[in-house]
Amino acid sequence: MEAKIGSIFESLGNFFTGGDQIPWCDRDVISGCEREVGEASNGDSDERKNESIMRLSWALVHSRQQEDIHRGIAMLETSLGNDRSPLHQREKLYLLAVGYYRATDYPRSRQLLEQCLEIAPDWRQALSLKKTVEERIVKDGVIGIGITATAAGLLVGVIAAALARKN
């Protein structure tokens, strides 16, 4: 019985806090990745440059700062068409989906995850994030309906009070 009650409280907590399992990235890691990109730009191979840019993109979309997330999204969108490898495309689509999720553009995140899953239908990481995104879309819809219902109720109450006062 206690396990069921604990599970209910955990579910409610996750509902209101958005308990996802996506890691966060600190500014120190981002700074290190930026240095690495700068060093790789000084004569290193294209492969090393691309790897360091991917690490920086990963760090940016996992940041707590919205400007970092948007910067990571822009980097990934710019580089998306440059790579013909399905594995790299899949990784970039996934990171873009994480970025859009963190930027609260859930429909765009879901669309990118669907593209990602076309390339790799059994990829657990993408399936897990897609489930989280869909739950978030439902949650936002429920909250939106609640806010609308509350506003409508208040409006009806104000009108009823005004009519009662008039009579």
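Let me start with two helices: the axes of α3 and helix α5 (residues 86-102) come within 9 Å and cross at roughly 25 degrees. Axes here are lines fitted to C-alpha atoms, for helices over the stretch in contact, and angles run from 0 to 180 degrees between N-to-C directions. Angles under 35 degrees count as roughly parallel, over 145 as roughly antiparallel, 65 to 115 as roughly perpendicular and the rest as oblique. On that scale α3 and α5 are therefore roughly parallel to each other.

Before going on, the ground rules. This is a predicted model, in which local features need pLDDT of at least 70 and side-chain atom pairs count only at pLDDT 80 or more, while totals for chains, interfaces and linings use all residues. Residues are numbered from 1 along each chain as its sequence is written, and side-chain values use heavy atoms, with hydrogens and water left out.

Now the confidence. pLDDT is the predictor's confidence in each residue, from 0 to 100. The protein averages 83, and 80% of the residues score at least 70. Contact means heavy atoms within 4.5 Å.

The overall layout is quickly told. There are seven helices and zero strands. Helices (H or I, at least four residues) and strands (E, at least two) are DSSP runs, numbered from the N terminus. Of the 167 residues, 31% count as buried; buried means under 20% relative accessible area, exposed over 50%, and partly exposed in between, with a 1.4 Å probe and protein chains only. Residues 24 or more positions apart account for 55% of the contacts with a separation of 6 or more.

Back to α3 and α5. Their crossing is left-handed, meaning that the near helix is turned anticlockwise from the far one by less than a right angle; clockwise would be right-handed. From α3, Met54, Trp58 and Val61 meet Glu91, Lys92, Leu95, Val98, Gly99 and Arg102 in α5.

On to the neighbours of these two helices in the packing. Helix α2 (residues 27-40) packs with α3 at an angle of about 160 degrees, their axes 9 Å apart. That makes α2 roughly antiparallel to α3. This crossing is left-handed too. The residues of α2 that meet α3 include Val29, Ile30, Cys33 and Val37, and those on the α3 side include Ser52, Ile53, Leu56 and Leu60.

For α5 and α6, the angle is about 160 degrees and the axes are 8 Å apart. That makes α5 roughly antiparallel to α6. Among the residues making the contact are Leu93, Tyr94, Tyr100 and Tyr101 of α5, and Tyr106, Leu112, Leu113 and Cys116 of α6. The crossing of α5 and α6 is left-handed.

Next, two residues of helix α4. Leu76 is found in that helix, and Leu76 is buried, with a relative accessible area of 0%. Not counting residues up to four places away in sequence, Leu76 touches Met54, Ser57, Val61, Lys92, Leu95 and Leu96. Ile73 also lies in helix α4 and is buried, at 5%. With sequence neighbours up to four places away left out, Ile73 touches Val61, Leu96, Gly99, Tyr100 and Ala103. Ile73 and Leu96 are 23 residues apart in sequence, yet 5.8 Å apart in space, C-alpha to C-alpha.

Then there is His62, in the loop between α3 (46-61) and α4 (66-80). Is His62 buried or exposed? At 3% relative accessibility, His62 counts as buried. Beyond four places in sequence, the residues His62 touches include Trp24, Cys25, Leu95 and Arg102.

That brings us to the cysteines. A disulfide is a covalent bond between the sulfur atoms of two cysteines. How many disulfides does a search of the whole structure find? The search finds zero, with a disulfide taken as a pair of cysteine sulfur atoms within 2.5 Å. Cys25 counts as buried at 6% relative accessibility, and Cys33 counts as buried at 10%.
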